[in-house]
Amino acid sequence: MLGRILGFAATSVGITGAIAAGLILSDRPVAHVGNSAMDFSGVTDVGAGAEMVLVSVPARDGATLSAWHVPAKRADAPLLVLVHGSAWHGGQFRHLATQLEGRADIVAVNLRGHWNGPEPRGDIAYTGQLEDDLADVILALQKPDQTVILGGHSSGGGLVVRFAGGAHRDMIDQAILMAPFLKYDAPTTRKNSGGWARVMTRRIIGLSMLNAFGLKMFDHLPVIQFAMPDHILQGPHGHEATLMYSWRLNTSFAPRRAYLEDVAALPDFTLLAGRDDESFFADRYEPVMSDVTSKGQYHVIDGVGHLGIVDAPETVTLLKGLLGHD
């Protein structure tokens, strides 16, 4: 009887593996995914601003993490750690850091797998490594008894939500979510994030099947591509874009499958989204998230799109109020 059961189990695993392999092989990256309609001019136009110093932080695996730092002007200022969105890096927050200069110890992280972050581009070593990296940054830069605010935009906001639901949740006191990605099938998300993402759905299903059996040998394979505009790729900052994510990086850069459990674990948070967001439905955040938490303050800003929410005057005013005087 035992042999029959083991034989059946082995056959089931074999069939599952064969199906998974077929799904993975049938859905591969393409040479060009098109041009996003989002306006990236504010992201790449660094211009004049606060003096952001690149600091180095050792990670637990021996790698060197980097982040842009703008110091506070008062001793009791909080540590504000900012997490960039998909395909870009911590330089996304240069304008915002300029507006908030002095009100917090501002740290804009360059996530692993991205420009100015540990290699390789588009990949990490294991699912959850981005959370561990953020924890290492906080441990290295937090002053004794300093309040920690973790903020993020788009996928970076999703990573903040994931962090709140994970093993390091007690390290943060507040959160700032700027048009956060909750999940591909959340009511807040437009199809394919409004054309920004090309998702290799069959490959993701196949890898999910393998991971259900603890098989992770293909987790390095790419599963999502981004429609970065050609004029950005062909311009002086084109090399700074990361156009493709592996399974484990993509999984680590978003809330868990049961995303509302991560949302429910958030500390007090402020959420900001533009009514004209091309990737998400700004007016759906509050009804979705307030079902599981009463800790949020929600702000929908008129006339602002997905990328513009970071530097919008209303965002700056709200965050100044949150951080206090400089």
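The largest cavity has a volume of about 110 Å³. A cavity here is a set of points, on a 1 Å grid over the protein atoms alone, where a 1.4 Å probe fits but cannot get out, and lining residues have an atom within 4 Å of a point. Grid points are joined across faces, edges and corners, and a volume is the space filled by probe spheres set on the points. Keep in mind that this is a predicted model, where local features need pLDDT of at least 70 and side-chain atom pairs count only at pLDDT 80 or more, while totals for chains, interfaces and linings use all residues. Residues are numbered from 1 along each chain as its sequence is written, and side-chain values use heavy atoms, with hydrogens and water left out.

Twelve residues line the largest cavity, and F40, G85, S86, H153 and L307 lie nearest its centre. Six of the lining residues are nonpolar, six are polar and none is charged; Ala, Val, Leu, Ile, Met, Phe, Trp, Tyr, Cys and Pro count as nonpolar, Asp, Glu, Lys and Arg as charged, and the others, Gly among them, as polar.

The second largest cavity has a volume of about 30 Å³. Among the residues lining it are L65, V109, R112 and D133. Helix α4 supplies the largest share of this lining, three residues; helices (H or I, at least four residues) and strands (E, at least two) are DSSP runs, numbered from the N terminus.

Helix α4 (residues 129-141) also holds D136, which forms a salt bridge with R60, the closest N and O atoms being 2.7 Å apart. The term stands for a side-chain nitrogen of Lys or Arg within 4 Å of a carboxyl oxygen of Asp or Glu.

Now turn to the open sheet of three strands, whose order is β7-β8-β9 with antiparallel pairing. Two strands pair if DSSP finds at least two bridges between them. Three bridges join β7 to β8 (residues 222-226), and V199 has I224 as its bridge partner in β8. Helix α7 (residues 201-212) packs on the sheet, touching β7 and β8, where contact means heavy atoms within 4.5 Å.

A pocket is an open set with protein on both sides within 12 Å along at least five of seven lines.

Methods
Axes fitted to C-alpha atoms, helices over the stretch in contact; angles between N-to-C directions.
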